[in-house]
Amino acid sequence: MNESQIIERYFELATLADSEPYFAQFTPDAVVEDEGREHHGIDEIRRWRTEVPQVHYDVLSTVESGPGRVATAEISGDFPGSPVNLSYYVETAEDGRISVLRIRV
């Protein structure tokens, strides 16, 4: 699976009610950065994810960026400022799981 497919899968899994496939796509020591805070490892990523509201993602573009890829997505849902465009920087491990996810405005 290439990085574009991994990013596409990320957004598909982010909208599912069953969260286990979502967490399975991360390495055990993955780092997620969102709203200026870093979350290290699956347990911290789980806690972070429970605080994220249910939203709809519309991926607008993906481009290479150093060792990873950046996806720009329009996020819409029941939150102040909706919709908003965010950048998702993704690095993957050799096994295709996400090792770094940085979400920024």
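Me: How many aromatic pairs does the structure hold?
Reply: This model is predicted: local features need pLDDT of at least 70, side-chain atom pairs count only at pLDDT 80 or more, and totals for chains, interfaces and linings use all residues. Residues are numbered from 1 along each chain as its sequence is written, and side-chain values use heavy atoms, leaving out hydrogens and water. Rings of Phe, Tyr and Trp (its six-membered ring) pair if their centres lie within 6.5 Å. The number of aromatic pairs held here is nine.

Me: What kind of pair do the rings of Phe11 and Tyr88 form?
Reply: A pair of aromatic rings is described by the distance of the centres and the angle of the planes. Planes under 30 degrees apart count as stacked, over 60 as edge-to-face and the rest as tilted. Phe11 and Tyr88 have ring centres 4.9 Å apart and planes at 75°, so the pair is edge-to-face.

Me: How many residues apart are Phe11 and Tyr88?
Reply: Helices (H or I, at least four residues) and strands (E, at least two) are DSSP runs, numbered from the N terminus. Phe11 sits in helix α1, and Tyr88 sits in strand β5. The pair links distant parts of the chain, with a separation in residues of 77.

Me: In what order do the six strands form the sheet?
Reply: Two strands pair if DSSP finds at least two bridges between them. The sheet is open and its pairing is mixed. Its strand order is β2-β1-β6-β5-β4-β3.

Me: Which are the edge strands?
Reply: An edge strand here pairs on one side only.

Me: Which strand runs parallel to β1, joined by five bridges?
Reply: β1 covers residues 26-34, and its partner covers residues 98-104. In that partner, Val31 is bridged to Val100. The strand is β6.

Me: What angle does the direction of helix α1 make with that of β4?
Reply: Helix α1 (residues 3-14) packs on the sheet, touching β1, β3, β4, β5 and β6; contact means heavy atoms within 4.5 Å. Axes are lines fitted to C-alpha atoms, for helices over the stretch in contact, and angles run from 0 to 180 degrees between N-to-C directions. The value is about 25°.

Me: Which residue in the turn between β4 and β5 has a positive phi?
Reply: β4 and β5 run antiparallel, joined by seven bridges. They form a hairpin with six residues between them. The phi is about 85°, and the residue is Gly81.

Me: Which residue does a cis peptide bond join to Ser82?
Reply: Omega of this bond is about -5°.

Me: What is the volume of the largest pocket?
Reply: On a 1 Å grid over the protein atoms alone, a pocket is an open set of points where a 1.4 Å probe fits, with protein on both sides within 12 Å along at least five of seven lines; lining residues have an atom within 4 Å of a point. Grid points are joined across faces, edges and corners, and a volume is the space filled by probe spheres set on the points. Of the 20 lining residues, the closest to the centre include Asp34 and Leu86. The volume is about 490 Å³.
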